Amino acid sequence: MSSSAETPDRLSDELLPASTSAGRQADGDAADPGGPQPRPGGWSSRSMPRWLPRAMLLALVCVGLFQLADWAFHQLINLFVMLLVAFFLSLAMEPAVDRMAARGVRRGLGTFLVFIGVGLAVAGFLTALGTLMVDQVTQVAVKLPQMLHDLIDWINHTFHTELSLDQLQHQVLKDSGTIEKYAQQAADNVWGVTGTVVGGLFQAFTVGLFTFYFTAEGPRVRRTVCSMLPPTKQAEVLRAWEIALAKTGGYLYSRAVLALVSTLGHWAFFTILGLPYAAALSVWVGVMSQFVPTIGTYLAGALPVLVAFTGRPVDALWVLVFVTVYQQIENYLLHPRITAKTVDVHPAVAFGAVIAGAALLGAVGALIAIPAAATLQGFVGTYVRRYEVEDDPRIDRGEERRSRRREAVRRLRQMVSGTEQPEETPRSEG
């Protein structure tokens, strides 16, 4: 009986439309008190999950903290850059301070003496350069009328014009309003320039203060850093610190020796040539060519050429030739010998490091890029394991030809010197 009673209902459900069946099922579910109820602590399709407000609040807090950290980082980026510069300067000065400390001099006094020496060197360089620039500007101001007259004569003779100095003066007076406008704008920017100079002096003082602290308190700084690390990591940190110290100090000291040699060589040539301010120009060439990366060589040679050109144009040609020849001698003879015992950075690596440093930190990054690259090269040489590479013509395709050429040259020298030994013929037995 039950099966026959259920059959019409089942057939009616199958014949009714789907919407009607679904509505009846929904009504039955709503009316059925024994239907599925939401579990305690759970959620249904009609209520908000309990964890969603907390998740939204946590997301807002994380976004706020990220914004705060980003703002703080951009506000303190100058401080981080100054600390980085001070750290590399302390690495350069610490070997000298360590030598003084080994002889009984206190580290604070030794650091102060090193600072005094560096300060006197920088002051002497700036004084010599300032004297040279003032004298050249004075000479140009005195010779300006005659130079303008010669220039106008050359233009008239070359381009068949009829210019005169009076016409040039009249044109300048005609545009005096524009000149006055630019002068007024320059006067208005005096406060901005003054603020920039004061800010630069403050940054230099800050860098000097941190450099003095890092250098004088070097052992204490290392001890403080290692105290926050487990004993297994302390040796690795100290080894990395020593690599950075050796590479940075070695690089800067080798550059100082090269600058001294360059200064002496150019001073001798400028003195023989009779160039004015030979000492100042030679110091300029030595410092700029060694401590300004990439473009330092060109800046170093440009100023002596211009100074020689104001006297006798032929002297400018001789100065250009000497600077070029000396640069080749330095690159192929002096630089490899001097840097062999300190640090040797490949020119391509140095050029790429300077570009990367300038892109990241501007002029400061360009200045510290090469010491940083030398330090990184020291890390790679210490921690990266290298394997022996077998001779393979696919590595160097010209090695076989060069070896045959060297063998031919060796035999030719033996023939010329008469020391060639005849090949021994094997003796027949019996």
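Predicted model: local features only at pLDDT ≥ 70, side-chain atom pairs only at ≥ 80, totals over all residues.

Visitor: How many aromatic pairs does the structure hold?

Guide: The structure holds 10 aromatic pairs. One of them is formed by Phe115 and Phe212.

Visitor: What makes the pair of Phe115 and Phe212 edge-to-face?

Guide: The ring centres lie 5.7 Å from each other, with 65° between the planes. Phe115 belongs to helix 5 and Phe212 to helix 8, 97 residues apart.

Visitor: Why is Phe212 called partly exposed?

Guide: Its relative accessible area is 30%. Buried means under 20% and exposed over 50%, so Phe212 falls in between. Phe115, at 24%, is likewise partly exposed.

Visitor: Why is the pair of Phe269 and Phe322 called stacked?

Guide: The planes of Phe269 and Phe322 are at 0°, and the ring centres are 4.1 Å apart. Planes under 30 degrees apart count as stacked, so the term applies. Phe269 is in helix 10 and Phe322 in helix 13, so this pair ties together parts 53 residues apart in sequence. Phe269 and Phe322 also form one aromatic cluster with Phe270 and Tyr326.

Visitor: Which residues make the nonpolar surface patch?

Guide: Leu317, Val321, Val325, Ile329, Tyr332 and Leu333 make this patch of about 580 Å². Ile329 lies in helix 13, which spans residues 313-339.

Visitor: How do you know that Ile329 counts as partly exposed?

Guide: The relative accessibility of Ile329 is 37%. This value lies between 20% and 50%, so Ile329 is partly exposed.

Definitions and conventions:
Residues numbered from 1 in each chain as written. Heavy atoms only, no water. Patch = residues over 30% accessible without salt bridge, like charges linked within 9 Å, V, L, I, M, F, W, Y side chains within 5 Å. Areas by Shrake-Rupley, 256 points an atom, 1.4 Å probe, with all protein chains shown as cover. Salt bridge = Lys/Arg side-chain N within 4 Å of Asp/Glu carboxyl O. Helix = DSSP H or I, 4+ residues; strand = E, 2+ residues; numbered from the N terminus. Buried < 20%, exposed > 50% of the residue type's maximum accessible area, 1.4 Å probe, protein only. Phe/Tyr/Trp six-rings, centres within 6.5 Å; stacked < 30°, edge-to-face > 60°.
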